[in-house]
Amino acid sequence: MIPDMSPPTAPSPRILLDAPRIDRILRRMAHEILEKNQGPKDLYLVGVLEGGDLLARRLKDLIVSFEGVEPPVGAVDVTLYRDDLSGRGGPVPFLRQSHLPIPVDGRKILLVDDVLFTGRTVRAAMDFLIDFGRPSRIMLAVLVDRGHRELPIRADFVGKNLPTARDEKVEVDLTPGTEAVYLTRSEPSGVPHDQ
Amino acid sequence: MINKILDTGAPPFGPHLLSVSGLSPEVLTGILDTAESFLEVGHQTVKKVPVLRGKTLVNLFYESSTRTRSSFEIAAKRLSADVINVSPTQSSVTKGESLLDTVRTIEALGADGLVIRHPSSGAPAFVADRLRCHVINGGDGCHEHPTQALLDLFTIRKRMGRIEGLKIAIVGDILHSRVARSNIMTLSRMGAHVRLVAPPTLIPPGIRTWPVEVYHRLDEGIRECDVVMALRLQLERAAGGYIPSVSEYARLYGINADLLDRLAPGALVLHPGPVNRGVEISGEEGFAERSAILSQVEFGVSVRMAVLYLLMGGGSEEASPDKGGKE
């Protein structure tokens, strides 16, 4: 989450969104979510670990402050459903614990992630949720949509569309106090990252 | 972002699991946390995850086993891997095929992972040096049983909430116990105080260099312990020759409800199984709520899922030869 400021080869990251702007964006998104779902009934927020977790909880807090009703919030680690694990050499990451406080059956799931890029993570998250139960619908909210989709996936709620080059990197930091969205140009070696 | 997690979260674990000796507290904790996530898979509508789809695990057991083999089999199947069980009594081993020829044949059949249990200490390491697939030690002679130690660690953490600072007594046939050897390493590395309780003849030579306290009397050894781990008297490894009689051993070193109530009332009781009822443990119904023996079996599946995922979940194509990748 913390942008890498140090390497001399990489230019320093550019701030695309600062804390007040992120705050205004999230307020708008929370209103949109409530408007489209006609209130918080049956809404179930599920953050995609790692980036979507904090974001889902921020949106939950806003929904509570607007409506006085607290929707359940979960978090999923989609590593086991990724399609690029066995394609990469070397070790796989330890898992973080997915946490779904109540069953997903019949609920309106709002998947929350920080950056929408190729769409592969979202595909993995949907497969995860469907193995877990049968939601009545799944929606997607992202803070940043940076384009370059590789699957037919689109977000229902977008904080900000940010056109980027494929080899650039978008980093979202939602740690209270240092919230920002950064854009980093990749190193000259230019190894394209996969997700 | 995900790619960042994949870059930085890669554990220094693998390509084989032959011993627990190289595993740092961080890696052990990572394995336990991963196992914790796999407990959840048992609660899903679809009790399977696709992470090892298209991979093959072979169980090669030169010694009898109920729980380890079936636990690995269930774990692999929940990860969507294909599992083949090879037992020497029904294979070409009875025609005199050597260990090396057998495992090379298994690898040539397309195995990505091999779980091996063998009566000779070091057999899994011997095999791992000569194969490119992932090798997991399912217990070798009197040497090590890494997945048992990991599941014991997991069971203790799950039931007691922590490992650090706990007093843990391992009681019984330490001399022949691969479970004890692996457990001593993992438990002491995670900050537990390990005591060994056994007659002098069943304590291995060279014990002074281990991070343990040795007791020869059961009442002293388990006094105020948080966990009591009983070991099976391994009569098939001639443990009977080291004690005057089984009944005397049972009287002096058997765990029962009365003893626990008196000396370690809150202690969790573990046993790697199979239990010689009336020898290491008697009257389990008297301390049923403190017995973790079936929890160990249940948690064993999650822990083995974690091990299989961490070893075999990654790629094989680009893996360098020293990573155990194929081709």
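Biologist: Two strands pair if DSSP finds at least two bridges between them, so in which sense do strand 7 and strand 8 of chain A pair?
Modeller: Antiparallel, over six bridges, with strand 7 covering residues 168–173. A:Glu168 stands opposite A:Arg185 in strand 8. Strands (E, at least two residues) and helices (H or I, at least four) are DSSP runs, numbered from the N terminus. This is a predicted model, where local features need pLDDT of at least 70, side-chain atom pairs count only at pLDDT 80 or more, and totals for chains, interfaces and linings use all residues. Residues are numbered from 1 along each chain as its sequence is written, while chains are lettered from A and ligands numbered from 1 in the order written.

Biologist: And which residue in that hairpin takes a positive phi?
Modeller: A:Gly177, near 100°, and the hairpin has six residues between the strands.

Biologist: What about strand 1 and strand 8 of chain A, how many bridges there?
Modeller: Four, again antiparallel, between residues 14–18 and residues 180–185. A:Arg14 faces A:Leu183 across that pairing.

Biologist: What's the overall make-up of chain A?
Modeller: Three helices and eight strands, in the order β-α-β-α-β-β-α-β-β-β-β.

Biologist: Switching to chain B, what are its domains?
Modeller: The assignment, automatic or from a database, gives domain 1 (13–144 + 299–314) and domain 2 (146–297). Their centres, over C-alpha atoms, are 25 Å apart.

Biologist: How many residues of each are in contact?
Modeller: 22 of domain 1 with 22 of domain 2, where contact means C-beta atoms, placed from the backbone, within 7 Å. Helix 2 (25–41), strand 4 (134–140) and helix 11 (293–312) of chain B each give two or more residues to the domain 1 side.

Conventions: Contact = placed C-beta atoms within 7 Å. Pairing = 2+ DSSP bridges.
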